[in-house]
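I opened this entry to keep track of what I looked up in one structure. The notes are in the order I made them.

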Amino acid sequence: MEFQLLGPFEARHEGRVLVGSRRQERCLLSILLLEAGRVVSTGRLIELLWDGNAPASARGTVHTYIGRLRARLGPYGVRVDTRHDGYVVDPGVHAVDALEFTDLARRAGSVADAAQRVRLYDRALGLWRGPLLSDVADDGLRERLGGPLAELRLSALERRAEAQLELGMHDSVVTDLTSLARAHPGRERLVAAQMTALYRSGRQADALELYRATRNALVTGLGIEPGAGLNTLHERMLHGDPRLHRPPVPLYAVRVDEEWLPWTTSGHPALEFCNTYAGWGGPGLPGSEWLRTYRTLAVWAGHLDLAEDWLVNGLLERARQRPEEAAAVLGEARDFRTRLYAALTGPDDVRAFKAVADVAEDAAKASAFVRGEDGLGRWRLSPSAGLRLPVLAVAQGAAELLADPGRFTVRACPGADCGWLFRDESGRRRWCSLATCGKETPAY
């Protein structure tokens, strides 16, 4: 079954409405679904349904509603259980949009990659079809029932806007936040995102006017001035700070063919591939997910001489023509990177080794042994490998490294916010080559 609470209430099974037209009955079920898995006492149900003006028959009416709900929903596996002096709904495998929204928003908040954060927030916010329970709850009841959801929704809007700004999507932010920023002057992150988006859209006057209106609302309504962050942003706009016109540069990055790529730190393509994720210790510290798109993967492969320029151009054109295939290969690349990292840092991890070996075997099947211009023979991947070519090229290098006793010199930087891989042939080196790692402790 599907239960929709984020807008008009609906309970459907295969497109058919299952709950009757009685407003209070639908409202009661909504309350239980919002508290899914937790007992709601009969007294609280009565207080919410009648707003403190319950008739003498209220308790009996609640029991009647519960009986009707059980009769309608029981055949579809939705249980409404009695617990002491209350009731609880276990949603089980059934879909509740409010629960799905909460899960997606929390998942998005833990993702380092800005593009993936936007996608998750888009899915979460797209579940809202209007005010919570717009056809069964008045404003007072909606505020009592949906306070945490409303707060999470505003937080999701703020964080999605910040992720969009990271990606240069300031036009989308302007469209999404125009009314919200003025309606919620106390949400300074929301206002700051809208001011930045307006500024980058060439609307400096509108950005400054939004600050003026926000400050006036805060001073008049609450007797407080805007916080330091909003004031600093205002000052930077007044002085035309050029850094406001572009998203912040990722840390430890180089710009190659319009793509941000991580610094080279180890000199080996398999290690560098693992280091395409900066910040194994936590999201955003010190960097973020570098493999944002297939284009990034292909450009990275060319940057490390795993593919010639003409071949990279061909991969990019094919990715444009076959976006779904490119997305699948990008997903494979990220998964392979995780397995490779585990194999290199855990020599006893047989499962990770096998996963890497499987991809290396695919690379061998797609390769030919050719003579180079220097007279030396080498394995070269055929263009027939298609969009998987960058992944297979890394797998070739990984296989060579895993077959070399030198793989036991691979170390993971112990920096709390790092984890990048490097080779330590001396046996004394502790840190990778990032300037911030181990700055309080000698590297050797």
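**Model.** I am working from a predicted model.

I then checked how strand 1 (residues 2-4) meets strand 7: the two are parallel and share two bridges. Across from Glu2 I found Ala95 of strand 7.

Next I took the open sheet of three strands, which has the order 4-6-5 and antiparallel pairing. Its edge strands are strand 4 and strand 5 (79-83), and each pairs on one side only. I traced strand 4 to strand 6 and noted two bridges between these antiparallel strands. Val40 has Tyr87 in strand 6 as its bridge partner. I also asked what lies across these strands. Helix 1 lies across strand 4, strand 5 and strand 6, and runs at about 70° to strand 6.

**Helix 2.** Which residues of helix 2 (residues 42-50) are buried? I listed Thr42, Leu45, Ile46, Leu48, Leu49 and Trp50. In an α-helix, residues three or four places apart point the same way, because there are 3.6 residues a turn. I then looked up what covers the buried residues of helix 2. The cover includes helix 1 (23-34) and helix 3 (58-73), along with strand 4 (40-41) and strand 6 (86-90). Helix 6 (139-166) is also part of the cover. Just after helix 2 I came to Asp51, which has a positive phi of about 50°.

I moved on to strand 8 (residues 253-256) and strand 9 (residues 259-262), which pair in the antiparallel sense over four bridges. One of the pairings is that of Ala253, whose bridge partner in strand 9 is Pro262.

**Thr214.** My last stop was Thr214, which I placed in helix 9 (residues 204-222). Why does Thr214 count as buried? Its relative accessibility is 3%, and buried means under 20%, so Thr214 counts as buried. I left aside its neighbours within four places in sequence and noted contacts of Thr214 with Pro185, Val191 and Leu230.

Methods:
Residues numbered from 1 in each chain as written. Predicted model: local features only at pLDDT ≥ 70, side-chain atom pairs only at ≥ 80, totals over all residues. Heavy atoms only, no water. Buried < 20%, exposed > 50% of the residue type's maximum accessible area, 1.4 Å probe, protein only. Contact = heavy atoms within 4.5 Å. Pairing = 2+ DSSP bridges. Axes fitted to C-alpha atoms, helices over the stretch in contact; angles between N-to-C directions.
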